[in-house]
Amino acid sequence: MPNENQGLSLDGQGKPLWLSLELTYRCPLKCSWCNNPLDFADYGSQELSTAEWKQVLDDARALGALQLGFTGGEPLLRDDLEELVAHAERIGLYSNLITSGIGLSEERLLALKAAGLKHIQLSVQSSQPGLTDALVGARAHAGKMEAARLIKKHGFPMVLNVPVFKQNIGEVDAMIAWAADLGIEYIEFANIQYYNWALMNRDELMPTLAQVREAEAVVNRWRDKLGNKTTIYFVIPDYYEGRPKACMNGWGAIHLTVAPDGVAMPCQEARVIPGLQFESVRDKSLGWIWHESPLFRKYRGVDWLPEPCSSCSEKDKDFGGCRCQTFLLTGDAGHADPACSRSPHHGVVQQAVAVREQAVRFQKPLIKRSAQAVITDFMDA
């Protein structure tokens with residue numbers, strides 16, 4: 001069993017510095033790249049109560065957590081969000097709201113500010129109303145634009161999160177121009193990672209390398225133009241990087257996710273890996289789960305790494321990459337991440353890229369996030 005104090009970096013000193021609370025999987029949108037589980041509908045009746053979420057906050061703070069993100073699904077669908085924000089404020093946690101903006105009225109925003117909310121991350125997919133609404137499967141563009149205006153009106157620090165894929169990668173220039181005009185301080189263009197819904201739609205969502213490089217060039221031109229006024233992040237997909245991302249800064253290193261039903265995980269996607277023992281905060285203390293559970297100790301640190309990772313000079317930078325991606329692409333979470341060019345399984349990533357680079361290819365409709373979509377897709381397979 002790996003020692004939990006070996007290989008941890010940032011350095012979190014063995015503490016869960018970042019807490020992600022998935023308050024609900026309910027959401028008014030049907031995004032085809034959603035990172036919620038394919039069976040998200042099965043968790044609707046299992047959500048933690050207000051009192052249970054407060055206990056999670058208390059336990060996480062006692063473990064050393066400093067920041068938290070209220071996320072989902074759409075966290076605004078929880079009527080007790082303001083109460084949870086206020087509790088986080090009382091115990092000294094810096095709180096972020098990660099939202100689609102749908103349902104964020106001025107009254108609600110002011111209530112959240114009064115409760116102690118410190119920061120908001122708003123997802124926007126496009127500057128074009130028709131494209132936004134088509135992508136998210138709902139009439140959402142106007143609500144997102146109004147949410148952005150209100151967030152800035154009331155002085156919140158804000159990250160504009162733009163998930164990037166083939167259908168909107170040409171929007172980078174227009175999105176930066178709009179964000180700069182509104183005075184948004186941080187913009188993150190996050191080329192999506194391929195899990196769950198995004199993996200189901202990967203062949204249709206993945207941009208070509210040429211498209212990624214052109215978008216990156218647009219970002220660099222805006223960086224030169226805006227200087228220090230706006231910070232722009234551009235996250236390149238590791239399918240094109242030849243090296244895996246340092247996922248969550250390492251398994252069980254600084255990140256702790258609690259799902260709507262109370263299951264605590266090293267990342268939001270961990271449930272895709274079969275054979276792991278998942279524990280709920282309803283049954284075990286958060287401290288025990290973080291420090292002692294087989295789940296968090298399974299891939300913690302670097303001592304467990306297979307070859308060629310264990311002898312790689314970069315293992316303390318990428319921690320072997322992503323366990324969930326590795327399982328989804330190779331069938332074994334203990335393999336070397338196929339996103340790495342040194343992995344013996346790199347061919348599966350090269351094959352996915354090759355499919356995307358084909359000049360003429362059959363176009364399939366995107367599978368929208370919905371319980372019925374999964375049932376239909378599996379029946380048709």
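The model is a predicted one, in which local features need pLDDT of at least 70 and side-chain atom pairs count only at pLDDT 80 or more, while totals for chains, interfaces and linings use all residues. Residues are numbered from 1 along each chain as its sequence is written, and side-chain values use heavy atoms, with hydrogens and water left out.

Helices (H or I, at least four residues) and strands (E, at least two) are DSSP runs, numbered from the N terminus; two strands pair if DSSP finds at least two bridges between them. Nine strands form an open sheet with mixed pairing, in the order β7-β6-β5-β4-β3-β2-β1-β8-β9. Since β7 (231-235) and β9 (264-265) each have a single partner strand, one side of each is left without a neighbour in the sheet. Further in, β3 (residues 94-99) and β4 (residues 119-123) run parallel and are joined by four bridges, with Leu-97 partnered by Ile-120 of β4.

Helix α6 (residues 172-182) lies across β5 (158-164), β6 (186-191) and β7, at about 160° to β6. Helix α9 (residues 209-226) lies across β6 and β7, at about 165° to β7. These angles, from 0 to 180 degrees, are taken between N-to-C directions of axes fitted to C-alpha atoms, for helices over the stretch in contact (heavy atoms within 4.5 Å).

An unreviewed UniProt entry annotates Cys-27, Cys-31 and Cys-34 as "binding site"; such annotations may be inferred rather than shown by experiment. Cys-27 sits in the loop between β1 (18-22) and α1 (50-63), and Cys-31 is also found in the loop between β1 and α1. Cys-27 is partly exposed, at 26% relative accessibility, whereas Cys-31 is buried at 12% (buried means under 20% relative accessible area, exposed over 50%, partly exposed in between, with a 1.4 Å probe and protein chains only). Leaving aside neighbours within four places in sequence, Cys-27 contacts Gly-73, Glu-74, Leu-77 and Arg-369; with residues up to four places away likewise not counted, Cys-31 touches Leu-135, Val-136, Trp-197 and Arg-369.
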